[in-house]
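Trainee: I would like to go through the labels one by one. Please set each value against its cut-off.

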Amino acid sequence: MLSYQHHYHAGNHADVLKHWLLLACVRHMQKKDKPFDYIDTHAGAGLYRLDSAKARKTAESDEGVLKLDWKKLDGLKDYRSQVADDIRARCYPGSPLLAKRLLRPGDKAWLFEMHPKTIIELRKHCEKHKVCYVRQEDGFQGLSSLLPTASRRALVLIDPSYEIKSDYQTVVKVMEAAYQKMPQAMLLLWYPVVDVHQIRQMEKAFAKSKMRNVQLFEMGIADNSEPGMSASGMVVVNPPWTLADDFIRTIPAVSAHLAKDHKARWRHQTLLAE
Ligand SMILES: C[S@@+](CC[C@H](N)C(=O)[O-])C[C@H]1O[C@@H](n2cnc3c(N)ncnc32)[C@H](O)[C@@H]1O
């Protein structure tokens with residue numbers, strides 16, 4: 001039985017990085033008029049209350065999105081415009097809602113979620129939209145069944161809960177299988193840095209894979225000897241060509257802003273060249 005619920009973590013520092021990057025990738029896909037498919041393999045609830053008992057138990061958003069001084073962080077302008085109304089209502093939008101709001105006529109969203117309660121919320125927040133297809137199915141299998149998409153253009157977010165240690169290796173295989181089916185797809189994999197050793201192993205697995213054009217984007221808010229999630233990152237296959245520059249211009253200041261010791265911790269790395 002799955003136990004992870006994003007309600008405890010919504011709006012934390014990892015969501016700030018993940019959703020800033022996701023928005024940059026959606027914007028890039030929409031530079032061309034041709035429709036694309038957005039696939040969210042682990043969608044979550046779509047919208048979270050920041051004042052719920054679950055959110056207040058951890059208060060992670062206080063150290064994440066609610067801590068941001070927007071005036072000092074110009075590079076977050078687009079992200080701010082997408083979350084501001086929700087924050088005013090003491091809520092935070094998840095990846096499927098952020099993507100759904102930007103979809104144009106012709107674009108489609110495929111949202112996978114397994115948790116029996118979370119899927120009810122996801123349906124409420126996203127299914128009414130006629131281009132959103134919500135499925136209570138395993139996201140890894142769902143992804144495989146959708147690729148290659150008829151649109152020939154796809155943006156995929158893989159955002160598992162890493163409840164099983166082997167997930168760090170499984171995700172590389174899932175990315176490689178997706179790449180083989182649709183080499184031109186933009187694939188985004190989110191990962192938490194709890195144990196640095198696990199991340200190094202994951203990077204080695206990427207380096208040995210047959211994929212091309214793979215970059216890593218990581219932001220930390222504490223030294224990695226600290227307990228808990230000190231950093232998080234995204235591995236992106238076929239990233240927008242401007243993403244690395246935007247990341248380097250924006251994220252060091254966000255990291256310094258969110259870190260208790262005001263130290264910027266970040267990493268951009270090309271894992272596999274074009
Ligand atoms: C990290 S949360 C997703 C957060 C969301 N992507 C966002 O950024 O707002 C992971 C979600 O995956 C769901 N989940 C776990 N295993 C799954 C599976 N095999 N297939 C689809 N969803 C799964 C969990 O119930 C949880 O809601």
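Trainee: Why are helix H1 (residues 13-29) and helix H3 (residues 77-88) called roughly perpendicular?
Mentor: Their axes cross at roughly 105 degrees and come within 9 Å. Angles of 65 to 115 degrees count as roughly perpendicular, under 35 as roughly parallel, over 145 as roughly antiparallel, and the rest as oblique. H1 and H3 are therefore roughly perpendicular to each other. The axes are lines fitted to C-alpha atoms, for helices over the stretch in contact, and angles run from 0 to 180 degrees between N-to-C directions. Helices (H or I, at least four residues) and strands (E, at least two) are DSSP runs, numbered from the N terminus.

Trainee: Which residues make that contact?
Mentor: From H1 come His19, Trp20 and Leu23; from H3 come Asp78, Tyr79 and Gln82. Contact means that the C-beta atoms, placed from the backbone, lie within 7 Å. By class there are 3 nonpolar, 2 polar and 1 charged residues. Ala, Val, Leu, Ile, Met, Phe, Trp, Tyr, Cys and Pro count as nonpolar; Asp, Glu, Lys and Arg as charged; the others, Gly among them, as polar.

Trainee: What should I keep in mind about the source?
Mentor: This is a predicted model: local features need pLDDT of at least 70, side-chain atom pairs count only at pLDDT 80 or more, and totals for chains, interfaces and linings use all residues. Residues are numbered from 1 along each chain as its sequence is written.

Trainee: What makes helix H4 (residues 95-102) roughly parallel to helix H5 (residues 118-127)?
Mentor: The packing angle is about 15 degrees, with the axes 10 Å apart. That angle makes H4 roughly parallel to H5. Pro96, Leu97 and Lys100 in H4 meet Leu122, His125 and Cys126 in H5. These contact residues divide into 4 nonpolar, 1 polar and 1 charged.

Trainee: How do you know that H7 is roughly parallel to helix H8 (residues 196-208)?
Mentor: The two pack at about 20 degrees, with axes 9 Å apart. So H7 counts as roughly parallel to H8. H7 passes H8 in a right-handed crossing. Tyr168, Gln169 and Val172 of H7 meet Gln198, Gln201, Met202, Ala205 and Phe206 of H8. The contact has 5 nonpolar, 3 polar and no charged residues.

Trainee: Why is Lys181 called partly exposed?
Mentor: Lys181 has 15 other C-beta atoms within 10 Å, so it is partly exposed. A residue is buried if 20 or more other C-beta atoms lie within 10 Å of its own, exposed if 12 or fewer, and partly exposed in between; C-beta atoms are placed from the backbone. Lys181 sits in helix H7 (residues 167-181). Leaving aside neighbours within four places in sequence, Lys181 is in contact with Leu147 and Pro148. The C-alpha atoms of Lys181 and Pro148 are separated by 5.8 Å, though the residues are 33 apart along the chain.

Trainee: What is the peptide bond from Leu147 to Pro148, cis or trans?
Mentor: It is cis, with omega near -5 degrees. Pro148 lies in the loop between helix H6 (139-146) and strand E6 (154-158).

Trainee: Which residues are closest to the ligand?
Mentor: His42, Gly44, Gly94, Ser95 and His115 are the closest of 19 surrounding residues. Near means a C-beta atom, placed from the backbone, within 6 Å. The shell has 5 nonpolar, 9 polar and 5 charged residues.

Notes: Two residues are in contact if their C-beta atoms, placed from the backbone, lie within 7 Å. A crossing is left-handed if the near helix is turned anticlockwise from the far one by less than a right angle, and right-handed if clockwise.
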